[in-house]
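Colleague: I am new to this one. Please take me through it briskly.

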Amino acid sequence: LIQRHTGNQVASGIGASSNEESKHKYRYVKEDELGLWGYTEETATSLKTKVEDGVKKYRTPNPDRGELLNVCVKQASKRAEVDAAEALPGVSSTLRELFDPKKVGGKAGARKEQPPDDSSRRWTKFWGEVRALGIVTETGTPDSARVHSMLKVSSMKEWLSRGRSLDDATRTLSELVKDQHGRRDPAGVKEKDVADGVALEAVMLQCFGWTPERVWAEANYTSRENFNEAGVETAWQLFERLWGIYMLTDKDLT
């Protein structure tokens, strides 16, 4: 993104699109149209189905997806524009405030986050970050009792009732974990240790003390979900890139 008056670059973004995405890769056809696609009753039993407007449809490979190059290019371009816009200072936080359904008006016009139910995406994201921080039980599940103890609350509902957000909780836990453990030598990290975004968050905290929020900000992604959706690099490749960023920033400052 270029500022019109000065010509300076103020933000950049990345975007990817592929005809391997489900919406491009497949088509849903009605049962009476299966014959036109070369399927019989027997071969159609292996296809996934869905009911839409009371009509049963079968998922079949899209034979025309090889012709979607221009569509994918345009889609990638649009996603890059959105990513760049969200990278502008204050944009992501403002969008979250405007469109987060968990936010409601509070006293003096303040916006207060309400406790989400167990099935909400926001709640699931929080416990995923807890797991990435290594606050887990012997079975590898998030240790809620330890989380409550570290935050000095009886439950997360109590934390939220104090006007604190789940992001606040993640930042607090990250700082507490960082203070409790020594730094891990990044040279000893192996590719198998960074299998996905969750593992990357844990390794970056152990090696450099970076919170999950900072990891994705430095990597120019809006979130772990955005990284997974983009699919332009592996978690290991991103770790190596972030290690380089650390060497040029934090280490120089110390």
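Colleague: Which residue in S3 is the bridge partner of Lys50?

Modeller: This is a predicted model, where local features need pLDDT of at least 70, side-chain atom pairs count only at pLDDT 80 or more, and totals for chains, interfaces and linings use all residues. Residues are numbered from 1 along each chain as its sequence is written, and side-chain values use heavy atoms, without hydrogens and water. Strands S2 (residues 49-52) and S3 (residues 55-61) pair in the antiparallel sense over 4 bridges (pairing takes at least two DSSP bridges; strands are DSSP E runs of at least two residues, helices H or I runs of at least four, numbered from the N terminus). In S3, the partner of Lys50 is Lys57.

Colleague: Which residue in the turn of the S2 and S3 hairpin has a positive phi?

Modeller: The hairpin has 2 residues between its strands. The phi is about 55 degrees, and the residue is Asp53.

Colleague: Why are the buried residues of H6 on the same side?

Modeller: In H6 (residues 144-151), Val147, His148, Met150 and Leu151 are buried (under 20% relative accessible area with a 1.4 Å probe, protein chains only; exposed is over 50%, partly exposed in between). They sit on the same side of H6 because their arc around the axis, taken from the directions to the C-beta atoms, is only 165 degrees.

Colleague: Which residue caps the N-terminal end of H6?

Modeller: A side-chain oxygen lies 3.3 Å from the backbone nitrogen of Ala145. That oxygen belongs to the cap, Asp143.

Methods. Polar contact = N/O pair within 3.5 Å; in protein donor to acceptor, adjacent residues only side chain to side chain.
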